[in-house]
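Please read them with the structure open beside you.

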Amino acid sequence: MATARGPAYLLTLGRWRRGLGIATQSRALAALVPGVSQVDNQSDFLGKRSHRRHPGILQLSRVRLPQVLVDAVQLLLLESSMPNMEKHVQALTNYLWSRHLPVEPEELQRRAVHLEKKFLENADSCQMEKLCGEVLHALRRTTYHWQELSYSEGLSLVYMAARLDGGFAAVSRAFHEIQARLPEFQPQTLMDFGSGTGSVTWAAHSTWGQSLREYMCVDSSAAMLELAEKLLKGGSGSGMPYVPGVFFRQFLPVSPKVQFDVVVSAFSLSELPSKANRTDVVQTLWRKTGHFLILVENGTKAGHSLLMDARDLVLNGKEKSPLDPRPGFVFAPCPHELPCPQLTASKPLACSFSQAYHPIPFSWNKKPKEEKFSMVIFARGSPEEANRWPRITQPVLKRPRHVHCHLCCPDGHMQHAVITARRHGRDLYRCARVSSWGDRLPVITPSELPPSPAQDPPES
């Protein structure tokens, strides 16, 4: 597969020699091939763990919803007696997955001017009066007609059946990224923008239930909020909620003094009607962020492009929170703050990941599934606080005695690395062979290597 051009990161351990019981690293390969990297031994990357558990492993095993949540969903659908639920679920799933962003007024104006010039080239005086009608007809035929979804009680139930389990899986994978890399992080407060049926709350409780004491769920749909509250109470309107400390509201908190340890927006930015709305929301969410801001969207070009716009907004924004002036950096998945190489490639691709999960066991929904999603996680602080290891951006291809890895590297370029034990060393080869799509390889670049010890000049 063609990748973006740039300095290659040939990942290598070199070959190790053992003499007199002391391991020394061979520099022969480094002398032959420029731009050599090696496994990050400075941080004792393996410790006492096997290669199969190297610290770059981030893949989460197949996710399963809490049984109490599954029971509540099945009870609510049984009580609703909605006909043709399977048909409604499939239709909504297809619609949400194929949805594009709304066309901005500036883009619509540009298209209209282009069509007008095109028609004028072939028009005569008697056709001029029809020009306006032809332009409008062409715009209607070629422009995506975005419509805002209004979630009634019925549509909220369909959304719950269609997206609760997949959304739970994607957000669980995002939370796992933080938990695996920073096990000492124990958030106490969380805000979920566009909370819908509450999948973020359930995933956060499964990940940090011991420390979280407040969940703020924000959604403009009263029907969604009511449904989410019923799910927390086992499918009924009364009783004690399964997750304590959950609060519901229809608008974002306006006070600049209110911050949350974790702020999440999952599959919600794409529901906003314009880029200006998305800009305002992302800026507000970042101001509300104490430690981590997590944005998740569909793993499509539209979803990825939307997240990259938000990424630029946070990284280039001059606006600082009155409570936390620390700048932000990309914690995941990017190992850099440079432009996304997936978007600048000759054939742009969506940077997406996949999470396996067990769906809610309906009659039409029994086989294990995969949720394909895009995400970006921002953190307060400095990029130096995080290990910048390359990210595996496609499924790893394992072949006899070699492994194909497509990597997003810290220099902002993509690399297709073919890793072998003979050329790159046993440690890196074994780490690559057990890694998966979405994992990181614990390697560093030549610029990150410690300086070689100075040698005494030869005696005369």
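1. The second largest pocket has a volume of about 400 Å³. Of its 19 lining residues, those closest to the centre are Thr93, Ala162, Arg163, Tyr357 and Lys369. A pocket here is an open set of points on a 1 Å grid over the protein atoms alone, where a 1.4 Å probe fits, with protein on both sides within 12 Å along at least five of seven lines, and lining residues have an atom within 4 Å of a point. Grid points are joined across faces, edges and corners, and the volume is the space filled by probe spheres set on them.

2. This is a predicted model, in which local features need pLDDT of at least 70 and side-chain atom pairs count only at pLDDT 80 or more, while totals for chains, interfaces and linings use all residues. Residues are numbered from 1 along each chain as its sequence is written, and side-chain values use heavy atoms, leaving out hydrogens and water.

3. Helix α3 gives the most to the lining of the second largest pocket, with seven residues, and α3, α6 and β13 (369-380) each supply at least two. Helices (H or I, at least four residues) and strands (E, at least two) are DSSP runs, numbered from the N terminus.

4. The largest pocket has a volume of about 920 Å³, and among its 42 lining residues Gly194, Asp219, Phe267, Ser268 and Glu271 lie nearest its centre.

5. Serine 265 lies in strand β9 (residues 260-266) and is buried (under 20% relative accessible area, with a 1.4 Å probe and protein chains only), its own value being 0%. Leaving out residues up to four places away in sequence, serine 265 touches Phe193, Leu285, Ile294, Leu295 and Val296, where contact means heavy atoms within 4.5 Å.

Methods: Buried means under 20% relative accessible area, exposed over 50%, partly exposed in between (1.4 Å probe, protein chains only).
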